[in-house]
Amino acid sequence: MQTLPSALATGGKATTSDRQDVDGQTEDRAWTLQEFRILHQLQKSIAVVAYDSLDSSRRIPKVLFQNADCCKRFGPPRSQVGYLIAIGTLTEEAQFSRQQWLLKASQAQSTFQSHMDAHALFRPLFSGINKDMPSCLIGTDSKVIQVQLGQHQIVSAVLHVMEMDSTSEDLRARAMNERNPVHSMLFCQQGELLTANAAARQGVFLPSSNIMFRDLFSAEFYAEGSEEADTHFKAAMKAVFEEQVDCYRHKQCHKSKKSGKLKWAMMEMWPMTDPVDNSPAVLVKRYNITDTMQSEHEANVRQSSLQRQNEELEQASLAIQEEKERLEKEAQSLAQQLQAVLNDKFVPQRDFDADTPIDKTLKMMQTIIGGGVPTVQDALDLRFILSKSDTDLRQPVGLKQQLMADNRLDSVVGMSMLQLLQGDVVNSDAAVKRVAQRHAGPTAPWTLNADIQEDDEPEDSESRMDELSDGQQEFVPYCVMPYVERLLQAAEKNWQFDIFGLAEATPGNTLSLLAFHLFKQAGHVKKFSLDEGKLCRYLHKIEQGYDAGNPYHNSLHVASVLQMTHMLLCHGGLLKSNAFAGSLHLASYWSAVVHDFEHGGLNNDFLIKTAHPIALIYNDQSPLENHHLAAAFGIWIDPQCQYMTKQASPELVRMGRNCAINQVLGTDMKKHFDIVSRFQAVFKKPPSSNASSHGSTTPTGHSQDWTSIKPEDQTLIHQMVLKCADVGHLAADPKTHKRWAYQLEEEFFRQGDKEKELGLPVSPLMDRQQTGGMTRSQLGFFGIVGIPLFRAITELFKDAQPMMDGVLANYRMWEAAAAASTPP
C-alpha cells in the first residue's frame with residue numbers, strides 16, 4: 001500500500017485502489033511539510049492550500065506548499081491583499097463557480113475530481129495568472145488532508161493535483177489567436193521562436209522553423225544594410241520589452257528577386273506573456289502591404305498633381321487678375337488720352353493750372369468774342385489777379401500755392417519744382433560771408449568749380465590741336481570706321497537714337513564727330529564756305545570744355561541735344577514749314593553744341609546764393625546761360641577757330657548770333673512759363689465762334705504764312721526747339737531715359753554734398769541721405785513742364801508726333817512705377 005507521495009510519485013493519475021488506500025490513510029494521519037518536498041520532482045502541478053473555514057463562503061486561503069512545476073506555471077502565491085484584489089477582478093459568474101467548487105470539495109468524502117477554468121479557480125491564489133492570459137480548462141484532483149505545521153499545530157488543508165487539459169503549444173496558439181489570427185509568430189525575450197500559426201508557417205515570411213526574432217530584421221530589407229537593420233531591431237526590442245508599447249509598427253522594403261520590383265511588408269509587434277511559463281514574449285504579425293503602399297503612392301502622386309494643378313490655376317488666376325487690372329488701367333489710360341485728343345488737351349493725372357494771367361485774359365476775351373458770357377466769379381478772379389502789384393503776367397497764377405497744395409506732390413518735390421521754375425532762393429549767412437571773402441582779397445581767376453585751378457586744365461585741349469597741321473585737322477572728321485559712319489547716319493533719322501552706343505564707338509570725340517557730320521550733311525560747309533580745319537578745331541575745343549566728370553551736364557548730353565535738335569528741324573517739320581532760314585538752321589546747330597559749355601555741374605541757384613563770380617558778372621540773371629554763350633563766342637572769335645570765311649556777310653553773322661543768344665538764354669527754366677505762354681498765345685488758334693468753351697482747337701500746322709510772322713514771334717519757335725531738345729531724353733526709349741534721369745539725380749546729389757560742405761541748406765531733392773532724389777519728381781516734371789512743352793510744339797508741327805509719343809510712353813512708365821511704389 002502506497003503513501004500519498006509515493007502514489008503521486010509514480011507519475012500519471014492515481015488508480016482507484018490507490019485512492020482508496022490513500023483515503024484510508026489520510027483520515028487519521030497528519031502530513032508534515034517535510035514530506036511534501038519529494039513532490040518537486042513530479043512534472044505536474046501540486047499545491048496544498050489551507051482555508052480558514054472550508055464551509056465558510058468567505059475563505060482567505062493560505063498556500064502551505066507548491067512544487068516547482070506549479071510555481072513555474074502559475075507563479076508564487078499572492079498575499080492576502082493581492083488575493084482580495086484578484087477576487088474582485090473575477091466576474092460574478094466566475095466567483096459563483098469557484099464558491100460552488102469549494103463547497104463540493106469540502107463535502108466530498110474522498111478525492112474530488114473536477115475540470116474548471118484556471119482563472120476562476122487559481123487566479124486569486126497565484127500571481128502568475130493574470131487577466132490577460134487566455135482562459136483554459138484545468139483538471140484537478142482535490143482531497144482534504146491534515147497538515148502538521150508544528151508540534152501541537154495541525155490544520156485542515158486541500159491537496160490539489162492539477163493537470164492542464166491543453167499542451168503548451170495549444171496554450172500559446174490560443175493566446176496568439178485571441179490577439180491576431182493571421183501570420184502570427186510568438187518569440188520569447190531571447191528572440192527564439194516559441195510558436196507560429198499555420199498561416200505564418202505556410203507564408204513567405206517564415207523560411208525555417210529555427211527563425212529568430214532578429215532574422216525578421218534582415219539587412220536585405222534596408223538600404224544601409226546591417227547597420228540600419230540593427231538600429232531598427234534594437235528600437236523594436238526597446239519598444240516591446242522596455243516601454244511596453246501597445247502595438248509597435250515597422251515598415252520594411254525590399255526588391256523582389258523574381259520581378260525586381262519593390263515589395264513592402266508591415267510588422268506589428270505586441271508585448272505578451274508566454275501562457276506556458278509567464279515569461280515576457282512578443283507576438284509578431286508580418287504581412288504584405290505592397291498594394292497598400294502602391295495605392296498610397298498613387299494617391300500621393302495624384303494629390304501632388306492636383307496640388308500642382310491648383311497652384312498653377314491659382315497662379316493663372318492671379319496672372320489673369322493682374323492682366324485684367326493692367327488692361328483696365330490701360331483702357332482707362334487710353335480713354336483718358338482719347339478724351340484728351342477730343343478736347344485737344346492732354347490732361348495729366350494731377351490737376352495743375354498752368355494758365356498765366358495773360359492766358360486767362362485771352363481765353364475770357366475769346367469767350368466774349370465767340371458770343372459767350374464769362375461768369376461773374378471768373379471776371380472777379382481775373383480782376384483780382386491783374387490788380388496785384390506782384391503778379392507776373394507770364395507765370396502760372398499761384399504757382400507756389402499750387403505746388404505746395406497738390407496732394408500728389410510731397411513738400412520736398414513741390415519745393416524742388418518751385419526752385420527749378422521760379423528760383424525761390426534765400427541767401428544764407430554762409431553765402432553772405434562767402435561774398436565778403438570774395439571781395440576781401442584780390443580777384444582770382446573764376447571757374448564753375450571752386451576746387452579746379454587754372455593749371456588743372458587738360459593738357460591736350462589746345463596743345464594737341466596745335467600740333468596738327470591744317471591738312472591733318474581737316475582730315476580728322478573723316479577718319480572714322482564704317483560702323484561709326486553707320487551710327488552717324490542713323491543719328492540723322494532716328495527719334496530714339498542710342499547716343500550711348502555712339503559714345504562707346506567714339507570715346508572723347510562723340511560731340512565733335514556728330515556735329516561735324518551734321519554740319520556737313522546739312523550742306524552748311526559748302527553753302528557758307530566754312531573752313532573745315534578751323535571748324536574741326538573749334539568743335540574739338542568746345543568738346544574739351546565739357547567736364548566729363550559731370551554725370552549729366554557733359555559732352556554726351558550735349559551730343560544728345562544736338563541730335564534731337566536735328567530731328568526736330570529736319571524730320572519734325574520745322575525746315576519744311578520755312579520757319580527756319582538757312583542761317584538760322586546753322587545757328588540752331590551751333591546753339592545746341594554750346595548751350596552748356598563749361599558747365600560745372602552746379603545750377604544757377606547755387607551760383608547765386610554762393611555769390612559766385614559768374615553770378616556777380618551777370619547780376620544773377622541766367623548766369624550759367626550767359627556764361628555758356630560768352631565763353632563759346634570767345635573761342636569762336638579766335639583766329640585759329642574762326643571758321644566763318646570773309647565771304648560770310650556781317651548780317652548773316654548777326655542773325656545767327658541773335659538766334660543763338662535767344663535760344664541758349666531760353667533754356668533757363670525760370671523763363672519756361674513765359675516762353676510757353678507767349679508761344680501758345682501766338683501760334684495756337686482760338687476755337688471758332690460756334691465751338692463750345694471746351695471744344696477742340698485747330699493747330700496752325702504748315703498752312704501758317706511764315707512770311708507774315710514777326711521776328712520776335714519766330715524767336716519763340718527757335719527757343720521752343722532748343723528747349724525741347726534740352727530735355728529731349730524725356731522722349732528717348734525708356735532705358736536711355738531712365739539712365740539720363742538717374743545721372744541727373746547723381747549730379748544733384750553732388751551739389752547737395754557741396755552745399756553741406758559750405759554749410760548751406762541742402763536744396764530740395766539733392767540730399768542723398770534722404771529717401772529718393774530728383775527721380776521722385778518725375779511725374780510732376782512731366783505733368784507740369786514736359787508734356788505741355790512737347791504738346792505745344794507738336795500741335796504746331798504734326799511731324800513731331802513720334803517725339804510726343806515717346807514722352808507719353810515714359811510718363812506712363814513713371815506713373816505705373818508710382819502706382820506700384822517701386823522704381824521703374
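Hello everyone. A word on ground rules. The model is predicted, so to speak of local features we need pLDDT of at least 70, side-chain atom pairs count only at pLDDT 80 or more, and totals for chains, interfaces and linings use all residues. Residues are numbered from 1 along each chain as its sequence is written, and side-chain values use heavy atoms, with hydrogens and water left out.

Let's begin with the overall picture. The protein has 33 helices and 11 strands; helices (H or I, at least four residues) and strands (E, at least two) are DSSP runs, numbered from the N terminus. Of its 824 residues, 47% are buried. Here buried means under 20% relative accessible area, exposed means over 50%, and partly exposed is in between, with a 1.4 Å probe and protein chains only. Now take contacts, meaning heavy atoms within 4.5 Å. Among those between residues at least 6 apart in sequence, 68% join residues at least 24 apart.

Next, helix pairs. Two packed helices are described by the angle between their axes and the distance between the axes. The axes are lines fitted to C-alpha atoms, for helices over the stretch in contact, and angles run from 0 to 180 degrees between N-to-C directions.

Please find helix 27, residues 623–636, and helix 28, residues 650–665. At what angle do they pack? It is about 150°, with the axes 9 Å apart. Helix 27 and helix 28 are therefore roughly antiparallel. For that word, the cut-offs are: under 35 degrees is roughly parallel, over 145 roughly antiparallel, 65 to 115 roughly perpendicular, and the rest oblique. Their crossing is right-handed. As for handedness, a crossing is left-handed if the near helix is turned anticlockwise from the far one by less than a right angle, and right-handed if clockwise. Helix 27 brings residues including L629, F633 and W636 to the contact, and helix 28 brings V653, I661 and V664 among them. By class, the contact residues are eight nonpolar, two polar and two charged. Ala, Val, Leu, Ile, Met, Phe, Trp, Tyr, Cys and Pro count as nonpolar, Asp, Glu, Lys and Arg as charged, and the others, Gly among them, as polar.

Now move to helix 32 (residues 778–796) and helix 33 (residues 801–820), which pack at about 165° with their axes 10 Å apart. That makes helix 32 roughly antiparallel to helix 33. Which hand does this crossing have, left or right? Helix 32 passes helix 33 in a left-handed crossing. Among the residues that meet are F782, I787 and F790 in helix 32, with V807, L808 and W814 in helix 33. This contact has 12 nonpolar, five polar and two charged residues.

One more pair: helix 20 and helix 22 (residues 532–544) pack at about 145°, axes 8 Å apart. The contact uses A515, F516 and F519 of helix 20, among others, and L535, C536 and L539 of helix 22, among others. It divides into seven nonpolar, three polar and three charged residues.

Let's zoom in on single residues. I717 sits in helix 30, residues 711–726, and counts as buried at 0% relative accessibility. What does I717 touch, leaving aside neighbours within four places in sequence? Its contacts are L574, A579, F580, F679, F683, W706 and F797. I717 and F683 are 34 residues apart in sequence, yet 9.4 Å apart in space, C-alpha to C-alpha.

S591, in helix 24 (residues 582–594), is also buried, at 0%. Not counting residues up to four places away, S591 touches C659, A660, Q663, V664 and L722.

Loops deserve a look too. S529 lies between helix 21 (524–527) and helix 22, with a phi near 50°, a positive value in a residue other than glycine. S529 is partly exposed, at 27%. N619, in the loop between helix 26 (613–617) and helix 27, is not a glycine either, and has a positive phi of about 55°. N619 is exposed, with a relative accessible area of 58%.

Last, the cysteines. A disulfide is a covalent bond between the sulfur atoms of two cysteines.
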